[in-house]
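Me: I have a structure open and would like to go through it with you. Shall we begin?

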Amino acid sequence: MDLKSGKTALLVMDMQQSIVARYAMDEERWLPFQTAVRAAREHGVQVIYIRLAFREGYPEVHPGNKMFAGIAQYGGATVADAGTQILDEVRPEPGEPVVTKIRVSAFAGSGLDVLLRARGIDSLVLCGVSTSGVVLSTLREAADRDFTLTVLSDACLDADPEVHRVLTEKVFPRQAEVLTVGEWASRLL
């Protein structure tokens, strides 16, 4: 992977108030995410934020969608809601795109592919919440779109530590290089 070419992007996925609130988070849990963002910025790797949000009235949500129908019924998760905003701990800087998706994968209904292709990006580094949600779905779709992939294992969280372990140790390595943030950052030097 040519990390210096400007063809790599770090995707910081679902690091938004409403999703992260489901996890008991302390300052130490943020460190890998913050380190990854800082390393990307310092070495000219494009940082792109991905969030889940819907338009008012939820026109994108099908009533049969098991994951999202409840949101449409009870409210929240609209583009303007505080819960869909990126956490202050990894806040985007000016010029760093925030892409809004409407399903689990970062590509689903978001225009992410157009953004990546317009910038000549062909390698993605993935981090986010959750390992079995956005990271898994995005990895599979990105692999099918022929992106070169890296997953930052310690900058992914899942409600089930065993699921996280199986994905990062057994499933993801079939389609991506799996590194810690420290390993990845050292390769940028």
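Me: Which residues of helix 2 are buried?
Reply: In this predicted model, the buried residues of helix 2 are Trp30, Pro32, Phe33, Ala36, Val37, Ala39 and Ala40.

Me: And what do they pack against?
Reply: The partners of these buried residues are strand 1, strand 2, strand 4 and strand 5, together with helix 1 (17-20) and helix 7 (181-188). Helix 2 itself covers residues 27-42 and lies across strand 1, strand 2, strand 4 and strand 5. Its direction makes an angle of about 145 degrees with strand 5.

Me: Where is the kink in helix 2 centred?
Reply: The kink is centred on Phe33 and amounts to about 25 degrees. Phe33 is also one of the buried residues of this helix.

Me: What follows helix 2?
Reply: Gly44 follows, with a positive phi near 75 degrees.

Me: Changing topic to the sheet: how many strands are in it, and in what order?
Reply: The open sheet has 6 strands, arranged 3-2-1-4-5-6, with parallel pairing. Strand 3 and strand 6 (177-179) are at the edges with a single partner strand each, so one side of each has no neighbour in the sheet. From one strand to the next, the twist averages 25 degrees.

Me: How many bridges join strand 2 and strand 3?
Reply: Strand 2 (residues 46-52) pairs with strand 3 over 4 bridges, in the parallel sense. Within this pairing, Tyr49 is opposite Val98 of strand 3.

Me: Now helix 5. Which of its residues are buried?
Reply: The buried residues are Thr131, Gly133, Val134, Val135, Thr138, Leu139, Ala142 and Ala143. Their cover includes strand 1 (8-13), strand 3 (98-101), strand 4 (123-129) and strand 5 (148-157), as well as helix 6 (161-171).

Me: What is its reach?
Reply: Helix 5 (residues 131-144) has 14 residues and reaches 18 Å from first C-alpha to last, close to the 20 Å expected at 1.5 Å a residue. Just after this helix, Asp146 has a positive phi of about 70 degrees.

Me: Where is the cis peptide bond here?
Reply: The cis bond joins Val129 and Ser130, with omega about 10 degrees. Ser130 belongs to the loop between strand 4 and helix 5.

Me: What is the phi of Tyr58, and is that residue buried or exposed?
Reply: Tyr58 is not a glycine, yet its phi is positive, about 55 degrees. Its relative accessibility is 12%, so Tyr58 counts as buried. This residue is in the loop between strand 2 and helix 3 (69-74).

Me: Which aromatic cluster includes Tyr58?
Reply: Tyr58 forms one aromatic cluster with Phe54 and Phe68. The count of aromatic pairs comes to 4.

Me: And what about the phi of Ala77?
Reply: Ala77 has a positive phi near 65 degrees and is a residue other than glycine. Ala77 lies in the loop between helix 3 and strand 3. With a relative accessible area of 17%, Ala77 is buried.

Technical notes. Residues numbered from 1 in each chain as written. Predicted model: local features only at pLDDT ≥ 70, side-chain atom pairs only at ≥ 80, totals over all residues. Heavy atoms only, no water. Phe/Tyr/Trp six-rings, centres within 6.5 Å; stacked < 30°, edge-to-face > 60°. Helix = DSSP H or I, 4+ residues; strand = E, 2+ residues; numbered from the N terminus. Expected span 1.5 Å × (residues − 1). Buried < 20%, exposed > 50% of the residue type's maximum accessible area, 1.4 Å probe, protein only. Contact = heavy atoms within 4.5 Å. Pairing = 2+ DSSP bridges. Axes fitted to C-alpha atoms, helices over the stretch in contact; angles between N-to-C directions. Bend = angle between axes of the 7 residues up to and from the residue.
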